[in-house]
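Student: I am new to this structure. Could you take me through the terms used for it?
Tutor: Gladly. Here it is.

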Amino acid sequence: MIDKMIIDADLCIKLGGSNKHSFLYDVLPLVASEIYMHTYAHSEGMMPSSAVSQLRSLIAENKVILVNESGLDSQSRATYDAAFNNLAKVMMDPRRPGKNKGEMCSLAYAKAVAIPIFATDEKELQPIIDKQLNTGIDDITCIRIVDIVMKAKNGEIDIQRKVAKAL
């Protein structure tokens, strides 16, 4: 099990999108002890109602904690701002300023408070993180749904085989 991770909206959409299975609610707490979500990522985009209800339950039960930079001390806030600006250089499109903002806010927060895992389903994000944020101190690694399934297969996460297969 992972100690701390921060999650992205796209992961919630994909894990929570099934009306048949409550993967988001059932699986996410098995992956990490502490799960965070940036308020911007939480407010992002359209989520299927099944994902919204599962995420609301996780938040209500304090299994997912909503965070943002407003509560950071001055040193952590400086780290957040620097990380956000580094990411914005390569991830922000001036024609669509909201695109990728949830990822940028989440990653900057993770860097500021040393959350080592970013759960997302973006395929091409790790090289950007490696180049823009990872310095050897408080590095961030992306995990995707396929990685969660592999961790279950390897016995690192206690997910039933039929659940992992359905995932």
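Tutor: Leaving aside neighbours within four places in sequence, Asp121 is in contact with Asp10, Lys14, Arg144 and Ile145. Contact means heavy atoms within 4.5 Å. This is a predicted model: local features need pLDDT of at least 70, side-chain atom pairs count only at pLDDT 80 or more, and totals for chains, interfaces and linings use all residues. Residues are numbered from 1 along each chain as its sequence is written, and side-chain values use heavy atoms, with hydrogens and water left out.

Student: Why is Asp121 called buried?
Tutor: Its relative accessible area is 14%. Buried means under 20%, exposed over 50%, and partly exposed in between (1.4 Å probe, protein chains only). So Asp121 counts as buried.

Student: What makes the pairing of Asp121 with Lys14 a polar contact?
Tutor: Their side chains come to 3.2 Å. A polar contact is a pair of N or O atoms within 3.5 Å; within protein, one must be able to donate a hydrogen and the other to accept it, and residues adjacent in sequence count only if both atoms are side-chain atoms. The value of 3.2 Å falls within that limit.

Student: Where is Asp121 in the chain?
Tutor: Asp121 is in the loop between β4 (117-119) and α7 (125-132). Helices (H or I, at least four residues) and strands (E, at least two) are DSSP runs, numbered from the N terminus. The chain has nine helices and five strands.

Student: What makes the chain as compact as a globular protein of its length?
Tutor: The radius of gyration is 15 Å, close to the 15 Å that the globule rule gives for 167 residues, so the chain is that compact. The radius is taken over C-alpha atoms; the rule is 2.2 Å times the number of residues to the power 0.38.

Student: Why are Tyr80 and Phe84 called stacked?
Tutor: A search of the whole structure finds one aromatic pair. Tyr80 and Phe84 form it, at 6.2 Å centre to centre and 20 degrees between the planes. Rings of Phe, Tyr and Trp (its six-membered ring) pair if their centres lie within 6.5 Å; planes under 30 degrees apart count as stacked, over 60 as edge-to-face and the rest as tilted. So this pair is stacked.

Student: Which residues have the most contacts inside the largest nonpolar core?
Tutor: Met5, Ile7, Leu28 and Met37, in a core of 29 residues. Such a core is a set of buried Ala, Val, Leu, Ile, Met, Phe, Trp, Tyr and Cys residues joined through side-chain atoms within 4.5 Å. Helix α2 gives the most to this core, with five residues. Apart from it lies another core, of 24 residues, among them Leu72 and Leu107.
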